[in-house]
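Good morning, and thank you for coming. I shall take you through one structure, beginning with a loop and then turning to the helices.

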Amino acid sequence: MKLFVSDFDDTLFRSAYPPDGWDRDRDGYWWELPESLGPPCVPKVPGMEWWNQQVVKRATQLIRDPEWFCCCLTGRRTHQANFSQRIPWLLEQKGLLFDLVRLCPADGSDQGATGPWKLSVIQRLARRFDADEIEIWDDRADHLADWEAALLDYNVNTVHVQEPHRQCRGFRFRGRQYIEVNDD
Ligand SMILES: [Mg+2]
């Protein structure tokens, strides 16, 4: 069995970065909030421009292949916003029926824990399926390097995804509100 692992944010999906006027100290940690994956910054049903077509194509290909066990692992936290429903729903409406979709559990709540948590899931799956090949796509070069170093017993291929960040467009954040702005 072979193992395919994809990250979600900035790998499969072009998640919205905060709008102009967003101040982390005043307004909070953006990636905990539903607007980073939903209205008004991301449409309820995002069009294809929100997806990285190269990663979608590869995932779709391997999901169809019975030799591959395909999973999407994201550092988004299970207990934050509506992510536990929203992320699987987004993947399904895109036709990406992964064998496994996992969000980072609440007990790994400090931001540094994503890399080690994903590695532990990958190691567990690799052992369970006696994986002879592991392919990992992620936008975090530091994570990929750590995992390559830890997975020396396996044949590992990593793909570092690098795409321009997509800002929340059409809105400015002011006085705790989204103010619609005209882009023209
Ligand atoms: Mg990412």
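Arg176 sits in the loop that joins strand E8 (171-174) to strand E9 (177-180). Helices (H or I, at least four residues) and strands (E, at least two) are DSSP runs, numbered from the N terminus. The model before you is predicted, and local features need pLDDT of at least 70, side-chain atom pairs count only at pLDDT 80 or more, while totals for chains, interfaces and linings use all residues. Residues are numbered from 1 along each chain as its sequence is written.

Phi of Arg176 is near 65°, a positive value in a residue other than glycine. Is Arg176 buried or exposed? Arg176 counts as exposed because it has 7 C-beta neighbours inside 10 Å. A residue is buried if 20 or more other C-beta atoms lie within 10 Å of its own, exposed if 12 or fewer, and partly exposed in between, with C-beta atoms placed from the backbone.

Ala81 also has a positive phi, near 45°, and is likewise a residue other than glycine. Its place is the loop between strand E3 (68-77) and helix H3 (83-93). With 17 other C-beta atoms within 10 Å, Ala81 is partly exposed.

Which residues of H3 are buried? They are Phe83, Ile87, Leu90 and Leu91. Viewed down the axis of H3, these buried residues fall within an arc of 95°, so they line one face of the helix. The arc is that of the directions from the helix axis to the C-beta atoms. On the face turned away from the buried side, H3 carries the exposed residues Gln85, Glu92 and Gln93. The cover over the buried residues of H3 includes E3 and strand E4 (100-104). Just after H3, Gly95 takes a positive phi of about 85°.

Let us move to helix H5. Its buried residues are His143, Leu144 and Trp147. Seen down the axis of H5, they fall within an arc of 100°, so they line one face of the helix. On the other side of H5, Ala141, Asp142 and Ala149 are exposed. The buried residues of H5 pack against H4, strand E5 (133-138) and strand E6 (156-160).

How do H4 and H5 meet? The axes of helix H4 (residues 114-128) and helix H5 (residues 141-150) come within 10 Å and cross at roughly 40°. That angle makes H4 oblique to H5. Here, axes are lines fitted to C-alpha atoms, for helices over the stretch in contact, and angles run from 0 to 180 degrees between N-to-C directions. Angles under 35 degrees count as roughly parallel, over 145 as roughly antiparallel, 65 to 115 as roughly perpendicular and the rest as oblique.

The crossing of H4 past H5 is right-handed. A crossing is left-handed if the near helix is turned anticlockwise from the far one by less than a right angle, and right-handed if clockwise. From H4, the contact is made by Gly115, Lys118, Leu119 and Ile122, and from H5 by His143, Asp146, Trp147 and Ala150. Two residues are in contact if their C-beta atoms, placed from the backbone, lie within 7 Å. The residues of this contact divide into four nonpolar, two polar and two charged. Ala, Val, Leu, Ile, Met, Phe, Trp, Tyr, Cys and Pro count as nonpolar, Asp, Glu, Lys and Arg as charged, and the others, Gly among them, as polar.

I turn now to some single residues. Ser15 lies in the loop between strand E1 (2-6) and strand E2 (16-17). Ser15 is buried, because 22 other C-beta atoms are within 10 Å. Leaving aside neighbours within four places in sequence, Ser15 is in contact with Asp9, Asp10, Ser36 and Leu37.

Next, the loop between helix H1 (24-27) and helix H2 (53-63) holds Pro40. The peptide bond from Pro39 to Pro40 is cis, with omega near 5°. Pro43 belongs to the loop between H1 and H2 as well, and it counts as exposed, with 10 C-beta neighbours inside 10 Å.

Finally, Ile63 is part of helix H2. Ile63 is partly exposed, with 17 other C-beta atoms within 10 Å. Which residues does Ile63 touch, not counting residues up to four places away in sequence? They are Cys70, Leu96, Leu97 and Phe98. Thank you for your attention.
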